[in-house]
Amino acid sequence: MSPVQFQVRSKKTKTTSLDIAHRAGVSQATVSRVLRGSPLVNAETRRRVEAAVRELNYKVDRHASCLRTQRSGTLALLLFEDPTPDESHINPFFLSMLGSITRACAKAGQDLLVSFQQLSDDWHADYEDSMKADGLILLGYGDYLAYQGKLEKLVAQGTRFVRWGAVLPEQPGLSIGCDNFNGGRLAGAHLAGLGRRRVAFLGGASSGCPEFLERFRGCDAALREAGGGGLAPALQVDAESSEEHGYRAAAELLARGHAFDAVFAASDLIAIGAMRALSEHGLRVPEDVAVVGFDDIPMARFATPALTTVFQDTQRAGELLVETLMKLVRGEPAESITLPASLVVRRSSGA
């Protein structure tokens, strides 16, 4: 009988985290921590593990990782529709923040699911139980009081989420927000320093609009500190954050017939719409009326005249939204954060 011959085929084995551990001289658990972005690993160890990952061309098996951790490896961004003159329904303020969030997710090894929502939708639906996402980032909203109950439901069902918005006492969940009061104070002090005393405020000034309300309060405080009478109720007109609402608010302000020499708008979009209404009414900006906005969207520098405004750091905000949510996902301590505001002076205020 002829001997039975066995053919042995060589099979290229897939690189594993154990191979990375051997190459870097660390434990497999340490490799896992590095790949998850854990802050518990020191810089030198992280460098060695990352070098081994590159040398061995290691690719993370996302499916296997999800099965082990019971995580999807995905974060969901719920972006609420805003009134816009086009079909985008996206406030331009959030566009740069969206880019920052996308980059931060990539850096953290997370996929990003973007979902457009209307405030009437059941956006508090359980993303985590369906394994769609490990946590939620909430951007944009209407009346805070109208959706506060939905935030409370997210907390009650254990959903991990963080939102961009005012940092409020006893609020449901965590927020990353701007120092709106100081931003308003900067605007008010700037206008007072230019000799403007009859300042109109365009934007909501109620608890339903906590960010706008804090901007109103900050400006009012600055005007009073400068020896003026603060913001007069007759010179405050409600407005949502859009050019159209800013135009209508300014038109209503003019129709009231009260004298004013400056406008502090709760957002740049409101300010840009207001400047058009002022111009159509024969008023010059800044000679007759100084105008200051809030946000420093890209459009602000190209407005006519270029808009003085309060800057919010959307890049850092996007990073912090992701970093804070990832802490919640990993079960680490996390807290709400307030970012500083700064004034950007341009032609519209006459400075």
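How far does helix α12 reach from its first C-alpha to its last, and what span is expected at 1.5 Å a residue? Helix α12, residues 314–329, has 16 residues and reaches 23 Å, close to the expected 22 Å. The expected span is 1.5 Å times one less than the number of residues.

Some housekeeping. This is a predicted model, where local features need pLDDT of at least 70 and side-chain atom pairs count only at pLDDT 80 or more, while totals for chains, interfaces and linings use all residues. Residues are numbered from 1 along each chain as its sequence is written, and side-chain values use heavy atoms, with hydrogens and water left out. Helices (H or I, at least four residues) and strands (E, at least two) are DSSP runs, numbered from the N terminus.

The chain overall. The protein chain has 12 helices and 12 strands. Of its 351 residues, 47% are buried; buried means under 20% relative accessible area, exposed over 50%, and partly exposed in between, with a 1.4 Å probe and protein chains only. Among contacts (heavy atoms within 4.5 Å) with a separation of 6 or more, 72% are between residues 24 or more positions apart.

Back to α12. Its buried residues include Thr314, Leu320, Leu321 and Met326. The buried residues of α12 pack against β1 (74–80), α5 (92–107), β3 (135–139), β4 (161–164), β5 (174–178) and β11 (337–339). At the start of α12, a side-chain oxygen of aspartate 313 comes to within 3.3 Å of the backbone nitrogen of glutamine 315. Just after the helix, glycine 331 has a positive phi of about 75 degrees.

Alanine 108 sits in the loop between α5 and β2 (111–117). Its relative accessible area is 26%, so alanine 108 counts as partly exposed.

Next, a sheet. Six strands form an open sheet in the order β7-β6-β8-β9-β10-β12, with mixed pairing. β7 (236–237) and β12 (342–344) are at the edges with a single partner strand each, so one side of each has no neighbour in the sheet. Two strands pair if DSSP finds at least two bridges between them. β6 (residues 199–202) and β7 pair in the parallel sense over two bridges, and leucine 202 has valine 237 of β7 as its bridge partner.

Helix α8 (residues 210–225) packs on this sheet, touching β6, β7, β8 and β9, and its direction makes about 175 degrees with that of β6. Axes are lines fitted to C-alpha atoms, for helices over the stretch in contact, and angles run from 0 to 180 degrees between N-to-C directions.

Terms used
Polar contact = N/O pair within 3.5 Å; in protein donor to acceptor, adjacent residues only side chain to side chain.
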